[in-house]
Each structure stands twice: as C-alpha cells, then as structure tokens.
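Please look over the sequence and the model below before reading on. The paragraphs that follow go through the helices and strands in turn.

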Amino acid sequence: MHQPHDYALRWIIESSESKKSPYLVDLGAYNGVGECQCRYWVCQVGPRVKRGERVHCKHVRIARERFTNWSIEAFRNHDKNQKQYEQ
Ligand SMILES: [Zn+2]
C-alpha cells in the first residue's frame, strides 16, 4: 500500500522514465485540482489549471488513485470496531 509523503494530500510519484527523479504531487493545490512538478504539468497543464480548468497530468491521476486507496483503507480500519452504518 502506497503512503502519503508528509501530509495526506502530498504524494511522491515516480516518473515513468526511470532515469528521471520522482515528482511531488500536491492534491490540494489549486482548489483541489492538484499540482505536479513534471514538465508536462508546468508547461501544458498548469496554465490551464490556473485559468480554472480541472485538468490533470498522469502523476496527479496516479496520486488521486493512491490517495483514494489509502483513504479507503484508513476508514476501513477506523470503522472496524465501530457500529456499522446501520439505521
Ligand atoms: Zn506530472
């Protein structure tokens, strides 16, 4: 199970090109649209995000997926000994 970097919304995502260093993705940036350090985000995605579009690079998509999985696991553990969602 992948874990967040330092805060729940900050994830280190590896580059698909193994020689390149990994990118820090901040899922909370830009009202939750997210920000990445990769060249594609900086040159192509970022300018659109800054105009208000909700677009992502692949690293932000990967980080969102990992955040979802991590959150589900955290809530499963949290809920384990609690009353289930009964009426
Ligand atoms: Zn990226």
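**Helices and strands of the model**

In helix α2 of this predicted model, the residues W41, V45 and V49 are buried. Their directions from the helix axis cover an arc of only 50°, which puts these residues on the same side of α2. An α-helix has 3.6 residues a turn, so residues three or four places apart point the same way. The exposed residues R39, C43, P47 and K50 sit on the face of α2 turned away from the buried side. The buried residues of α2 pack against α1 (29-32).

At 1.5 Å a residue, its twelve residues (39-50) should span 16 Å, and the end C-alpha atoms are 16 Å apart, which agrees. Just after this helix, G52 takes a positive phi of about 105°.

Next come the strands. β1 (residues 10-13) pairs with β2 in the antiparallel sense, over four bridges. I13 has Y23 in β2 as its bridge partner. In a regular strand the side chains alternate between the two faces of the sheet.

Helix α3 (residues 58-79) has 22 residues and reaches 31 Å from its first C-alpha to its last, close to the 32 Å expected at 1.5 Å a residue. In α3, H59, V60 and A63 are buried. They cover an arc of only 85° around the axis, which puts them on the same side of α3. The exposed residues on the other side of α3 include E65, T68 and I72. What do the buried residues of α3 pack against? They pack against β1 and β2.

How values were computed:
Residues numbered from 1 in each chain as written. Predicted model: local features only at pLDDT ≥ 70, side-chain atom pairs only at ≥ 80, totals over all residues. Helix = DSSP H or I, 4+ residues; strand = E, 2+ residues; numbered from the N terminus. Expected span 1.5 Å × (residues − 1). Buried ≥ 20, exposed ≤ 12 C-beta atoms within 10 Å, placed from the backbone. Arc of directions from axis to C-beta. Contact = placed C-beta atoms within 7 Å. Pairing = 2+ DSSP bridges.
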